[in-house]
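Look at the structure first, then read on.

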Amino acid sequence: MSYGSSAPAVPAPAAGDDRPPMTAPNARRMYILPIDEHSLQAGSSLAAVSAAERFIGKLRPDDLVGLFAYPTGAAKSDLTTDHAAVKRALRGVVGLRVEPESRFHMTVSEIIDIATRDTQVLRKVFDRECRGGGCLMTEVRDEAISLAGYLEMTVTQSVGGLRGLMRGLAETPGRKILVLVSGGLISTDRSSGRANANA
């Protein structure tokens with residue numbers, strides 16, 4: 001995706017000046033809205049679209065706005081001052097997040113803690129979910145590890161899509177403001193808690 005055709009001009013550095021070029025004082029502001037479809041459920045994507053529309057509605061008329069929804073690319077717009085066109089493009093956003101099937105009712109923090117071999121949390125979930133028997137502690141642990149792997153995959157997809165967009169934006173001169181539209185990125189400060197894409 002190229003934004004070059006609509007980008008404002010940036011003065012070139014003087015001969016022998018190794019400093020990076022600065023944005024021209026009168027340059028229009030450039031806003032890029034990356035939309036992480038991996039993080040949005042089908043039912044919640046409309047709320048994300050509405051929030052993005054409200055944000056665009058508060059911009060100055062001469063502000064440049066670009067849009068790219070990843071990974072589908074179904075909703076995209078090069079940098080433009082036609083804010084109404086960008087709002088129309090937002091309608092192409094697709095929510096891709098699907099909650100995995102789960103036998104036990106664990107929170108994200110419980111999943112990460114159990115995957116990090118926190119036996120205290122494992123025991124707490126086991127006592128809560130397996131009252132009266134019917135399941136084994138190893139089953140709770142195995143499901144937590146499986147779900148942690150799923151969370152890690154979704155975070156990796158989301159961060160990878162954002163990195164790809166930012167590499168493409170590097171070719172467009174000038175200062176750009178990224179406004180990420182996301183349902184949230186899950187991470188952890190625990191060394192082996194998975195769900196960590198080293199963002």
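Glutamate 53 pairs with arginine 91 in a salt bridge, with the closest N and O atoms 2.8 Å apart. A salt bridge here is a side-chain nitrogen of Lys or Arg within 4 Å of a carboxyl oxygen of Asp or Glu. The model is predicted: local features need pLDDT of at least 70, side-chain atom pairs count only at pLDDT 80 or more, and totals for chains, interfaces and linings use all residues. Residues are numbered from 1 along each chain as its sequence is written, and side-chain values use heavy atoms, leaving out hydrogens and water.

**Salt bridges**

- The count comes to 10 salt bridges.
- Glutamate 53 is in helix α1 (residues 45-57) and arginine 91 is in the loop between α2 (83-90) and α3, 38 residues apart. Helices are DSSP runs (H or I, at least four residues), numbered from the N terminus.
- Glutamate 53 is buried at 18% relative accessibility, while arginine 91 is exposed at 51%. Buried means under 20% relative accessible area, exposed over 50%, partly exposed in between (1.4 Å probe, protein chains only).
- Glutamate 110 bridges to arginine 128, the closest N and O atoms being 2.9 Å apart.
- Glutamate 110 sits in helix α3 and arginine 128 in helix α4 (residues 119-129), so the pair ties together parts 18 residues apart in sequence.
- Glutamate 110 is buried at 8%; arginine 128 is partly exposed at 31%.

**Largest pocket**

- The lining of the largest pocket includes Arg97, Phe104 and Tyr150. A pocket is an open set of points on a 1 Å grid over the protein atoms alone, where a 1.4 Å probe fits, with protein on both sides within 12 Å along at least five of seven lines; lining residues have an atom within 4 Å of a point.
- Helix α5 gives the largest share of this lining, three residues.

How values were computed. Helix = DSSP H or I, 4+ residues; strand = E, 2+ residues; numbered from the N terminus.
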